[in-house]
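Let's take a friendly walk through some packing details. Please have a look at the sequence and the fold first.

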Amino acid sequence: MEEADEDSVSEDSADEEPALRPERPTREKIFGPFDRVQLAMFLASVAGFASLAGEVVWTRVLRLVVQGTTQAFAAMLVNFLIGIAVGSLIAERALRRTKSPLRLLGQMQLVLAGLSIIAMYVAANMPRILILLQSSETLVPHEASVVLAASAILLLPLALALGTTIPIAWAIAGGDSEEAADNSGRVLAANTFGGLLGSLCAGFLLVTFPGFGPSPETSVETTSFRGVDFAIAFLIVVHLIAASIALRASAKTMFSRVFAIAFPIAIVAAIIVVRPTVNVPYLLDAWWDTNYAFVNGPDDSWDDNVVFLVEGRNTTVSIIDRDGLYRLFNDGRPESGFGSSDPGFGEELATLGSLPTIFAENHGRAMIVGLGAGHSTAVATGGPFEEIQAVELEGAIVDASRYLYNLYPERQFPLDDPRVELVVDDARAQLVLAEEGSYDAIISQPSHPWLAGSSALYTHEFFEECDRALAPGGVLALWTNLFRMDVPHLRSLAFTLHEVFPYVNVFVVEDSSFIFAASDQPLNYDEGAAAAISSEGLRPYLRPFALDDLVDFAAVTELDTAGIECFQQGGTRIVDDRPAFEFDLAQLPFDADIPRSQLDQALEECRWLGPESFEGMVPEVRADVLLQRAEWARDRRSALTRLQNSLDGLPIAEHEMRLVRGSIAETMGDVSGAVEAWNEDPECHSCQVRINKLYEDELNWGALLERAEAGNLRGDPSPFYRAVLAAENRPAAARLLEQLPEPGVPQRLREAVRVFAADDCDAMLALVEEEPGYRVERPVMRLAARCAFRLGRLDQGEQLLEDWNILHRARAADLANEARSLNGKNNGLAMRYFWRALRHNPGHAVAASDLAAMLDLNGQTERAERLILDTWDRVHRLPAAREQLRSAADSLGIDLP
């Protein structure tokens, strides 16, 4: 019985086995070789391809306007993810209302093709949209809400349509409850692999594909298919192919089958004919004149100034010609430029590229971080480096920089120098791979630090990598911006750099750049630095900016190591894990900057250069450096005060220190303080010469005559010659000729004094008539006019007197203009220039009005009122001048007669 039972069970089991493992029926082929699941997988892979490729392509387009910040990328990602999520919900509802998921998917692919075409026109008008969103002419947004809104306008409709694809593909695949999970997994896997393929193709093939149209190196046409236009057109074709397949597979009638093929082909034909475009030249150049860009919008005229346009692997690189000034743009942001004047670029790049040659202990191997337009590399080739490695991440930048240098064949492209090696790679990766101590110099000029990726070249970890890669005595030269920057972040950068490098100097040669030099050895202005600054290699780059001399170069130093230690107080370390520049600076308005006045205020508690810096300086030039610094900072009152407060304890001779103190006082507009300082040492020849020149500028002829009587006739005799002529003092003129028996310089003025002392009017008029040089000497012209009247030559006298008046009025106008440019920057000197202008032309209403306002602001109300009333009396026949004075009087509460 047991055996029988076992046999029975065995037979039963055998009979039931086919029911437990049923064979799956062969699936019906619904489109060519594809069954329903395979077709769903194919369509899902196409959707994934288009989705990820679209993210890459549209991000490239968006970056041209909002720039490649982290928040811009996040905004793009947020809109894509939201769109895909919401699109899935929309698809779920739509599937409930349709009997054919295939037809629905085909329709959505047609919608995607249409939305892509619309998005091209939206992208082309993005500058207009940003102006409306921000209510501002600034095209680069900094507020997260604006970036999100701009991204949503461009990308959200596309993302919504893309989000419907996967749910519809799952519905196409179908299957019972047992097959649904397998089919869903297959569809999702196909979508994922399609997305991977799309991102690779978009980034490495589609965007950089030459497309159809003229060569970008010769001309640019918005209607030609290349770059992002070609990539988007390709994606539109992909959507249309998917639509045609889906609609054809779902077609039940002949009309539906014909429509499924003919309609997508018609759209492709229309695209070829119309050639929609995002108008990259417009997106690149709209910032130049936002009013014109807003009113006129994208059209073919924007092509005119774009002479180079290439879609690189990472960025869009272009060159725009602005009346002979060529500007290099990287993803729509200006990186560098090139012009016809020597050396073709700015003083900040000449300084940055020179620092390693000047301060590095050895000159073996150098690295350039970021080729840009090639200028820093070109300056480095002017040094004695044996090998220079230029590292650039974007290959298209290399082509653009060569294009720039080809415009000026007389200037050698730096990569053609046999010492220069080009490496297309990430510079930081190159530093990590470099052996310890393998470089003597690193010149880092990365892109703007608020951009994703660039901020990694301003962190503590990067500086540590530089320090490890530098040999002892090596120098890191680092550029950073003063635009889209604030003082706290500048402090943090100084703090972070000084944590790694014990010696740091800062140079400010123009308003947009803050240039660091860092080393493990002191950065001294010694004989070696002097020789390097004046060397034949650096002179072509430094001379155009008057920086090819040790005195001039040292004068543009803004901070030495002691100053850095002062300035960095309150700064925090910038690290890779929290790249503050990337996140914080991107939130600043694009037109935010640190003006010189604000920078001076931030530095006012810090010494300019301390005793240690002067100890390492060539002794013979120390005083000259201070004098040149005073001249360099003449329009910066805070900088002059800081310089004045830095003098104590400097290793400079006492007589030189008096000269410096007096010169600073003069530059601040303190005439009495300057004379007092210079008179402390009567034996100081330079001091006495400066007193003479100061009195001449002040038209203080009486003081000059007193100095002549006292025998203080040092230096150029011109001030004394002019004094006796202006004072019309013949006895003094005769004594001066005896005191200065040699002709000296200038001979012309001495001859006029001799004729005046002899009271020879015929000779005086002959001088003026025969020698044009006398017609710029105001005292001579006045005496000549008097002589003409004495001799009865009234017409000649009136003409000479008018010429004399013109000279004075012209000088008064120049002084008033200079004073107005100094107003608010160095008020002491501005007031001094206004007073001088009024001495030349007492009726100068503008000078009187501005000076009265400054006096009133300083609490000198009575003096301001007296000035306005005196000038009012002098301009009674000049309606325009009276109107100017009336306006000034009203604003100051002064009652005019």
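What follows covers a helix pair and then some aromatic contacts in this predicted model.

## How two helices pack

Let's begin with helix α4 (residues 101–124) and helix α9 (residues 227–250), which pack with their axes 7 Å apart and at an angle of about 160 degrees. Angles over 145 degrees count as roughly antiparallel, so that is how α4 runs relative to α9. The crossing in which α4 passes α9 is left-handed.

Which residues meet there? On the α4 side they include L102, L105, L110, L112 and I117, while the α9 side includes I232, I236, L240 and L247.

## Aromatic pairs

How many aromatic pairs does a search of the whole structure find? The count is 23. One of the pairs is formed by F308 and Y403, with 5.5 Å from centre to centre and 50 degrees between the planes, which makes it tilted. F308 belongs to strand β3 (residues 306–311) and Y403 to helix α15 (residues 395–406), so the pair ties together parts that lie 95 residues apart in sequence.

Are these two residues buried or exposed? Both F308 and Y403 are buried.

## An aromatic cluster

There is also a cluster to look up in your viewer: F338, Y405, Y408 and F413 form one aromatic cluster.

Definitions and conventions: Residues numbered from 1 in each chain as written. Predicted model: local features only at pLDDT ≥ 70, side-chain atom pairs only at ≥ 80, totals over all residues. Heavy atoms only, no water. Axes fitted to C-alpha atoms, helices over the stretch in contact; angles between N-to-C directions. Helix = DSSP H or I, 4+ residues; strand = E, 2+ residues; numbered from the N terminus. Parallel < 35°, antiparallel > 145°, perpendicular 65-115°, else oblique. Left-handed = near helix turned anticlockwise from the far one by under 90°. Contact = heavy atoms within 4.5 Å. Phe/Tyr/Trp six-rings, centres within 6.5 Å; stacked < 30°, edge-to-face > 60°. Buried < 20%, exposed > 50% of the residue type's maximum accessible area, 1.4 Å probe, protein only.
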